[in-house]
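Q: Got a structure here with a ligand in it. Can we walk through it quickly?

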Amino acid sequence: MVSRRVILGAGDQTWDGWTVTQKEQLDLTDPGSFARFFGPELVGAFLCEHVWEHLTLEEGSAAARLCWRYLQPGGVLRVAVPDAHFPDAGYQRTVQVGGPGPADHPAAGHQIVYDARTFAEVFIQVGFEVTLLEYHDSSGQFHAQPWSVAHGPVYRSALLDHRNADYRAGRGPLGFASIILDARKPA
Ligand SMILES: C[S@@+](CC[C@H](N)C(=O)[O-])C[C@H]1O[C@@H](n2cnc3c(N)ncnc32)[C@H](O)[C@@H]1O
């Protein structure tokens, strides 16, 4: 049987071949919701874009353990969050803890702004093998390595985001950035 691939905190996102779930079905802070949804099932992959920043550091660590519990050996959690080292003042105002504006703004519930090192550590501590796919280092330098959309599309990426069209064409800097990493449960 083909193993399922599941989007966590999907919002409006839908991708072919992926089971869409919302917080009401799979709450990263509620192990019971995973037990009810999955029972004994283990999944092949999780995809989670711009959700982990809505959890505290402690909740984020517990959520990493929860995903580990429901991943098959060799399975991958692909996860993206805002990047504390993206050198753009407007972006940093938007992604800051608490968000910039009204309670219904997408960033309103931000609990933390990770950099690549602190975010990778959340998953390394659980036992995942971590590969950083896109991130800025502490001097604001962008790093990316080729990654496959087929293994989990992240929209807010250098590869896909409409705000990065000039960057892709070699005409300008990134317009929007994320830390994107793969956390692989060893086989
Ligand atoms: C900024 S939206 C991102 C939605 C979508 N992933 C995307 O990239 O467009 C944040 C999402 O995180 C979800 N979320 C917040 N806390 C969550 C939790 N504890 N468990 C699962 N999802 C959560 C919200 O319901 C919301 O859909």
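Q: What is the distance from an oxygen atom of the ligand to an N or O atom in the side chain of Arg-156?
A: That distance is 2.6 Å. Keep in mind that this is a predicted model.

Q: Which polar side-chain atom lies 2.8 Å from a nitrogen atom of the ligand?
A: One belonging to Asp-27.

Q: And how far is a nitrogen atom of the ligand from a polar backbone atom of Gly-9?
A: It's 2.8 Å.

Q: How much of the ligand does the protein bury?
A: The protein buries 81% of the 590 Å² that the ligand exposes when taken alone.

Q: Which residues come nearest to the ligand?
A: There are 15 residues around the ligand, and the nearest are Gly-9, Asp-27, Leu-28, Glu-49 and Arg-156.

Q: How does that shell divide into nonpolar, polar and charged?
A: Five nonpolar, six polar and four charged residues.

Q: What is the nearest cysteine sulfur to that of Cys-48?
A: The sulfur of Cys-67, at 6.9 Å. A disulfide needs the two sulfur atoms within 2.5 Å, so Cys-48 is in no disulfide. Cys-67 is in none either, with Cys-48 as its nearest cysteine sulfur.

Q: Is Cys-48 buried or exposed?
A: Buried, with a relative accessible area of 1%.

Q: And Cys-67, buried or exposed?
A: Cys-67 is buried too, at a relative accessible area of 0%.

Note on methods. Residues numbered from 1 in each chain as written. Predicted model: local features only at pLDDT ≥ 70, side-chain atom pairs only at ≥ 80, totals over all residues. Heavy atoms only, no water. Buried < 20%, exposed > 50% of the residue type's maximum accessible area, 1.4 Å probe, protein only. Near = heavy atom within 4 Å. Polar contact = N/O pair within 3.5 Å; in protein donor to acceptor, adjacent residues only side chain to side chain. Areas by Shrake-Rupley, 256 points an atom, 1.4 Å probe, with all protein chains shown as cover. Nonpolar A, V, L, I, M, F, W, Y, C, P; charged D, E, K, R; others polar.
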